[in-house]
Amino acid sequence: MSEIVVRIPAALRGFTDGADELSASPGTVADVLAQLRVRHPQLVQRLLTPEGEIRPFVNVFIDRANIRALQGLASSVPAGTVVSILPAVAGG
Amino acid sequence: MKRGLPAAVEVSPREALELMARGARLVDVRDAPELLAGTVRGAIHIARCELMQRVAGCAPDTSATLLLICASGVRSRLAATQLAALGYSDARSVAGGLARWQREGLPVESSRATGDPDWERYARQLALPEVGEAGQRRLMDARVLLVGAGGLGSPAALYLAAAGVGHLTLVDDDRVERSNLQRQVLHRDAAAGESKVLSGVATLRALNPSVEVTGHDVRLSEANARELLACQHVVIDGSDNFATRYVVNDACVALGIACVHGSVFRFEGQVSVFWPGRPGGAGPCYRCLYPAPPPPELAPSCAEAGVLGVVPGIIGLLQAAETLKLLLGAGVPLVGRLLHYDGLRGRFDEFEVPRDPLCPACAR
C-alpha cells in the first residue's frame with residue numbers, strides 16, 4: 001500500500017486516455033497533482049487555476065473528507081488513501 | 001386584554017367570505033389532520049406552529065388583508081395578534097372559526113388531497129412504522145416543487161405522485177423532444193412537441209387523481225423564483241444548466257426551504273440535500289460545495305456528452321427518496337453529505353460537504 005489511487009470522473013477522462021483511476025505516490029495533494037501533471041498536463045490544467053488554486057467548480061476529497069475543510073492543497077494524502085476528484089455537473 | 005396582548009381584529013365568517021371575494025387571502029392555521037373535517041375553498045394551509053416561519057413566503061405583502069381561520073377562533077386570534085406584531089397591518093381572525101362558518105351554512109369543501117385517503121392504494125407504505133396513517137396525512141398535506149420535468153424530474157414526480165404527495169408543482173419551459181423520450185419517462189411518444197408541464201401534469205393526474213398537480217410553463221429565473229418557490233415544503237432541483245441551479249439554490253436559501261439536488265453526466269450522478277435553514281442542524285448549500293459554475297467551454301451538456309437513461313432514473317429516484325424522508329421526518333437526510341453514483345463501476349461513494357463559513361449565499 002505504498003501507493004495512493006486517484007479517481008477520475010467521467011467528465012475528465014478525456015484527459016487521462018479514458019482511465020478512471022490513476023496511481024501516485026503519497027504526499028500532499030499538491031505533490032499528487034504535480035505527479036499527475038507530468039503524465040496528464042491537461043487534466044491538472046482543468047483542476048487548478050493559472051494561479052495554482054483548486055477551481056471553484058471542482059472538489060477534491062481524501063477518502064470522504066473535502067480538502068477545503070482540511071488544509072487545501074497542503075492536505076496530506078497518506079499511503080493507501082483514495083483521492084476523488086468531483087467537478088460540478090449540471091445534467092438533469 | 002387580560003394577558004396584555006393587543007386585541008386581535010375579528011371578522012364574521014360572512015364578512016371573511018366577502019373579503020375573499022375581493023382578493024383577501026385566507027390562511028387555515030389548523031394542524032394537518034384537522035383538515036379532514038373540510039376546509040374553506042381557496043384557503044391555504046399553514047399550521048400555526050409553522051406560521052411565523054412560513055407566512056412571509058406565502059404573503060409577502062404585509063399591508064394586504066390576511067384572514068386567519070382555525071376550528072373555533074382561538075388559535076386564529078392568537079395568530080392574528082402574532083402577525084400584527086410581525087408587521088402585518090391588516091391580519092384578521094375569523095370569529096368562531098370553522099365551527100361557526102359551518103353553522104352559518106357557508107360552503108366548506110373536503111379537498112381531494114385532504115379528504116379521506118385511498119387507504120388501499122397506500123397499504124404497503126401505511127404498513128411501515130415510519131409512514132403509518134399520520135405519515136400518509138403529512139404526505140397528502142405536503143407541497144413539493146420540481147424544477148425541471150426532464151430526466152431527473154420524471155422519475156421523481158412519478159414516484160411522489162404514486163406515494164400520494166398531495167401537491168406537486170412542475171416548472172419547465174421546454175417542449176417534449178423525441179430525443180428526450182429515452183429517459184424522460186413522464187412523457188409519452190404522442191406528447192412529442194407538447195409542453196413538458198402539460199404532458200407531465202396529464203401523466204401524473206392519470207397515475208394518481210387524488211394528487212393536485214400544477215404546471216408552470218416558464219423558465220425559473222431570479223425574477224420569479226421566490227414567488228414560485230414560496231410555500232413549498234421541499235424543492236427538487238432537476239434542472240439541466242448551472243444558471244438555473246444557482247437561482248434555485250439562492251431562492252431556497254432565502255426562503256429556508258430544503259433543496260434536494262440531483263445532477264448527472266454520462267454514467268455518473270450526484271445527490272445531496274442542501275438546507276441551511278434546517279431547524280436544529282443547518283446544512284451547507286450548493287454554493288458551499290461549488291462556489292461558482294464552470295465557464296461554458298468547460299461544462300459539456302448531456303446533449304453533447306450523452307447520458308444513459310437509467311442514470312437520471314436512479315438519481316431522480318434517490319431525490320424522491322430523500323424528499324419523502326424529509327416530509328415524513330424519517331431517517332437521516334443527505335444533509336452535509338454528497339452521494340456519488342458511478343454506474344460503470346457499479347459503485348456509490350459518500351463524501352462530506354462542510355458548510356462554507358464564508359459562503360456568499362448562506363453564511364450569516
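Me: Which loop of chain B holds Arg266(B)?
Reply: Happy to start there, with the note that this is a predicted model, where local features need pLDDT of at least 70, side-chain atom pairs count only at pLDDT 80 or more, and totals for chains, interfaces and linings use all residues. Residues are numbered from 1 along each chain as its sequence is written, while chains are lettered from A and ligands numbered from 1 in the order in which they are written. Helices (H or I, at least four residues) and strands (E, at least two) are DSSP runs numbered from the N terminus. In those terms, Arg266(B) is in the loop between β10 and β11.

Me: Is Arg266(B) buried or exposed?
Reply: A residue is buried if 20 or more other C-beta atoms, placed from the backbone, lie within 10 Å of its own, exposed if 12 or fewer, and partly exposed in between. Arg266(B) has 21 other C-beta atoms within 10 Å, so it is buried.

Me: What is the phi of Arg266(B)?
Reply: Most residues other than glycine have a negative phi. Arg266(B) has a positive one, near 55 degrees.

Me: And Asp17(A), is it buried or exposed?
Reply: Asp17(A) is in the loop between β1 (4-7) and β2 (21-24) of chain A, and its phi is positive, near 55 degrees. It has 8 C-beta neighbours inside 10 Å, so Asp17(A) counts as exposed.

Me: How many residues does each chain bring to the contact between A and B?
Reply: Two residues are in contact if their C-beta atoms, placed from the backbone, lie within 7 Å. On that basis, the contact takes 37 residues from chain B and 20 residues from chain A.

Me: Which elements of chain B each supply at least two residues of the side that touches chain A?
Reply: Nonpolar here means Ala, Val, Leu, Ile, Met, Phe, Trp, Tyr, Cys and Pro, charged means Asp, Glu, Lys and Arg, and the others, Gly among them, are polar. By class, this side of chain B has 19 nonpolar, 11 polar and 7 charged residues. The elements asked for are α10 (242-255), β10 (258-265), β11 (268-274) and β13 (347-352).

Me: How are α7(B) and α8(B) oriented to each other?
Reply: Axes are lines fitted to C-alpha atoms, for helices over the stretch in contact, and angles run from 0 to 180 degrees between N-to-C directions. Helix α7 (residues 153-163) and helix α8 (residues 196-207) of chain B pack at about 30 degrees, with axes 9 Å apart. Angles under 35 degrees count as roughly parallel, over 145 as roughly antiparallel, 65 to 115 as roughly perpendicular and the rest as oblique. The two helices are therefore roughly parallel.

Me: Which residues of α8(B) meet α7(B)?
Reply: By class, this contact has 6 nonpolar, 1 polar and no charged residues. From α7(B) come Ala157(B), Leu158(B), Ala161(B) and Ala162(B), and they meet Gly200(B), Leu204(B) and Leu207(B).
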